[in-house]
Amino acid sequence: MKAQVIKKFGDPSVFEIAEVPKPEVIPGHVVIQVKATSVNPVDTKVRSGLVAAVAPEFPAVLHGDVAGVVTEVGEGVTVFKAGDEVYGCAGGFKGTGGALAEYMLADVRLLAPKPKNVTMAQAAAIPLVTITAWESLYNRANVQNGQTVLVHGATGGVGHVAIQLAKLAGAKVFTTASSTEKLIIGNQLGADVAINYREQSVTEYVKEHTDGKGFDIVFDTVGGENLDRSFQAAAINGTVLAIAARSTHDLSPLHAKGLSLHITFMLLKVLDKDQRRDHGKILREVTNLVEEGKLHILVDEKTYTFDQVSDAHTLLESNKAIGKVVLINEW
């Protein structure tokens, strides 16, 4: 079968088209004819070698997010049959094949029925970011009705989903962004208040919107210095959620405020076979929310084909994308 592979770590130009063996079905798995995938920051980090420890062996087929049609069903599989439309974050990391190919082998515990009211491209944008936001807000922070939640990155992959999930839980949601366009989108997604972080300091918006008390939950989707700003924005005994914490920080603000810090690295449950069922369970609930019109996925206006994967990675790394960057398989 045809696939986009990398034979070494590097910039987006390292992708090349190659013929690789089509995966054979095994017990507990299905083979998916891949219709679409999306790019996540972790995919670019795997490609570049930043997280080499979780990379597949070379020649490596990357990308976890997939939407497609089941073509073969392994022994013991009863939840899906050939012809079913499915989606999930099902590979692209150590010990698994990725979605940048004509076919992908996937553990059924990582999959769910594709929402009927979205396209394959839209479905492929959902899994990783939504599971990450879900595990962070619902499983780790246990967000409650009436709490104040600050989400950094209104139009980012995880950020735009987190706004909606926090709102569904009954929280009062605040979000940050860098432009008027992104602030408007944040409000459209359900944020009660959208804050331009280039025009207001943390001290200023904490004072304006919380009387200086801080937010009950702060969700940092950015990392780096923004994690320190998140500590600053959190209320006493508050919770900080982070998904990009490969950095060094002064933890004394956590001690001073009695903060809880939770790190979510969702692909650990892809790598750990004993925990995979958690992701499929979440996605089945997500499918219902999408079909009920309660959860919407923001997709960048520029859509790519698998032949253009280098361009898709370049766009995501430019930080100019609004929402998820998706790729359609036209092979």
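Asp278 forms a salt bridge with Lys269, with the closest N and O atoms 3.0 Å apart. The model discussed here is predicted. The salt bridges counted in it come to 13. UniProt, in an unreviewed entry, lists residues 10-327 as "domain: Enoyl reductase (ER)".

**Salt bridges around Lys269**
- Asp278 is partly exposed, at 29% relative accessibility, whereas Lys269 counts as buried at 17%.
- Lys269 also forms a salt bridge with Glu135, where the closest N and O atoms are 3.1 Å apart.
- This second pair links distant parts of the chain, 134 residues apart: Glu135 belongs to helix α3 (residues 127-140) and Lys269 to helix α9 (residues 268-271).
- Glu135 is buried, because its relative accessible area of 7% is under the 20% limit.

**A further salt bridge**
- Asp84 forms a salt bridge with Lys81, the closest N and O atoms being 3.1 Å apart.
- Asp84 is buried, with a relative accessible area of 18%, while Lys81 is exposed, with 55%.

**Strands and overall content**
- Over residues 10-327 the chain is 31% helix and 24% strand, and the end C-alpha atoms lie 20 Å apart.
- Strand β6 (residues 103-107) is largely enclosed by the rest of the structure, because four of its five residues are buried.
- Strand β3 (residues 29-39) runs antiparallel to β6, and five bridges join the two.
- Met104 in β6 is the bridge partner of Ile32.

**The loop at Ser178**
- Ser178 lies in the loop between β9 (172-177) and α5 (180-188), and at 16% relative accessibility Ser178 counts as buried.
- Beyond its neighbours within four places in sequence, Ser178 is in contact with Asn196, Tyr197 and Arg198.

Definitions and conventions: Residues are numbered from 1 along each chain as its sequence is written. This is a predicted model: local features need pLDDT of at least 70, side-chain atom pairs count only at pLDDT 80 or more; totals for chains, interfaces and linings use all residues. Side-chain values use heavy atoms; hydrogens and water are left out. UniProt positions are given in the numbering used here, feature names are shortened, and annotations may be inferred rather than shown by experiment. Buried means under 20% relative accessible area, exposed over 50%, partly exposed in between (1.4 Å probe, protein chains only). Two strands pair if DSSP finds at least two bridges between them. Contact means heavy atoms within 4.5 Å. A salt bridge is a side-chain nitrogen of Lys or Arg within 4 Å of a carboxyl oxygen of Asp or Glu.
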